[in-house]
Amino acid sequence: MKKENINTLGELKKSGYKSRGIKEELRENLIEKIKKNEPTFPGIHGYEDSVIPELERAILSRHNINLLGLRGQAKTRLARLMVNLLDEYMPVVQGSEINDDPLNPISRYARELVKEKADETPISWVHREERFFEKLATPDVTVADLIGDVDPIKAANLKLSYADDRVIHFGMIPRTNRSIFVINELPDLQARIQVALFNILQEGDIQIRGFKLRLPLDLQFVFTANPEDYTNRGSIVTPLKDRIGSQILTHYPNSIETAKIITAQEAKLDKRQSELVYVPELAKDLLEQISFEARESEFIDEKSGISARLSITAYENLLSTAERRSLKSGDEETLLRFGDFLGVVPAITGKVELVYEGEEEGAASVALQLIGDAVKTLFPQYFPKIEKLQRPDETTPYDDLVEWFFEQSGFELPDDLSDADYKQKLDSVKPLNDLIKKYHPEISEKDSYFLKEFLLWALVEFKKLSKHRFAKGVQFKDLYGSYISDL
């Protein structure tokens, strides 16, 4: 609600405005959205049947909320989207530090102003975007930061003693009155600071030094926490946890399709990159599968989680690798190549926490293994499965291709090939073309080249071919030929 001609308390009363608490406001606006079948948390994918219904139930129950989950699970994003459930504008007593409700003022300043001016009390309007505050919990956060303290400068300027409540400087929480307040990574907050929140959550009042303040603050608290923090850095003290109405568990995407939607939505791409680089769906699937493999890898600490930001930054790196290559070769447009995936290694190494065995392997080596594992996982969806154990005389669909490499001295794919030369190189391998035509006869030409490279890399992973990385590209050989050349 906002009306341009409502600037005083008297005009607000005549308009029929009625006060309501923020939890009631969120609840009623959520009910309207549900009735109209409107999305309550737009831009959040994969939570439609799990987290969002639980969050809606918590709001309907007027609960303070704790979102518990590993990093990169959109906990803070969910909290920020709650702003959309607030009224567009909210009236406050003009000049109030704590967003006093004109019809129900709680601060000394607002009460005295209303008493003095009555219906002529000036009011101002606060947009819902200004009703969201968040604080990252760190060990150096103090009670004064969150709740407030005595301000000696204010006492001196006003010539007041420290016994007068007008010398109080309010902290973040009182200033967030009638708003959403988020504390991120709650377990990192020292226990004594968590204790200071007890009264606010239960009774809505605050305690500052020796003052006996009764400020019935109206707040919607949202906390976020990482399960890892419960053991590594701290924990939520039990009495505080007891005062949080709903604890909601978040999770990573359950499918590649959902993960692709999130990555496409969040990746920050230059429009020219999108127009310049053609990305096959298989490449997008492969990119997301890397994250799924990382969450199962024995080299990576599963407790720390694999953030969705891994896929997002990896996708940005992937397109930048192809863009850089095309700029150097002078191509006006280019196809994404499997070799471009080597450019995502820095995005992976910066996003994973390695266990001891992973440290022994090395971060870059683990990243390459994840790419290889992703290839092996997706391979059976596109080509006949390669069994680990086969009889010596057993024929496979890949025999002609392996034989072709046995007869060649080596097949090289330099990184800096132009698109025309790249296509010509892959087209020169007749058994490779035959396999693509046999198992994917309707595939587009643009997609076929990535699929050809994918097949070669898969045969390497399944020990049918060998691969050697040199300074400016990659070389494929038959498996035994590489053994002989190493002797």
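Reply: A term first: two strands pair if DSSP finds at least two bridges between them, and strands (E, at least two residues) and helices (H or I, at least four) are DSSP runs numbered from the N terminus. This is a predicted model, in which local features need pLDDT of at least 70, side-chain atom pairs count only at pLDDT 80 or more, and totals for chains, interfaces and linings use all residues. Residues are numbered from 1 along each chain as its sequence is written, and side-chain values use heavy atoms, with hydrogens and water left out.

Me: OK, which residue stands opposite Phe 132?
Reply: Phe 132 stands opposite Ile 180 in E7; E4 and E7 (residues 179-184) run parallel and are joined by five bridges.

Me: And what is the strand order of the open sheet?
Reply: The five strands come in the order E4-E7-E8-E1-E9, with parallel pairing. At the edges are E4 (132-136) and E9 (246-249), each of which pairs on one side only.

Me: Which helix packs on the sheet, touching E7?
Reply: That is H2 (residues 22-35), which touches E7 and also E8 (219-225), contact meaning heavy atoms within 4.5 Å, and the direction of H2 makes about 80° with that of E8. Angles here run from 0 to 180 degrees between N-to-C directions, and axes are lines fitted to C-alpha atoms, for helices over the stretch in contact. Helix H3 (residues 51-60) lies across E1 (65-68) and E9, running at about 170° to E9.

Me: Switching to helix pairs, at what angle do H13 and H15 pack?
Reply: H13 (residues 256-266) and H15 (residues 281-296) pack at about 100°, with their axes 9 Å apart. They are therefore roughly perpendicular to each other, a label that covers 65 to 115 degrees, whereas under 35 is roughly parallel, over 145 roughly antiparallel and the rest oblique.

Me: What about H15 and H19, how do their axes cross?
Reply: The axes of H15 and H19 (residues 363-378) come within 8 Å and cross at roughly 115°. Among the residues that meet there are Leu 282 and Leu 286 in H15 and Leu 370 and Val 375 in H19.

Me: Last one, what radius of gyration does the whole chain have?
Reply: The chain has 30 Å, while a compact globule of 487 residues would have one near 23 Å; the radius is taken over C-alpha atoms, and the globule rule is 2.2 Å times the number of residues to the power 0.38. The C-alpha trace spans about 95 × 50 × 40 Å along its principal axes, and the secondary structure comes to 24 helices and 14 strands.
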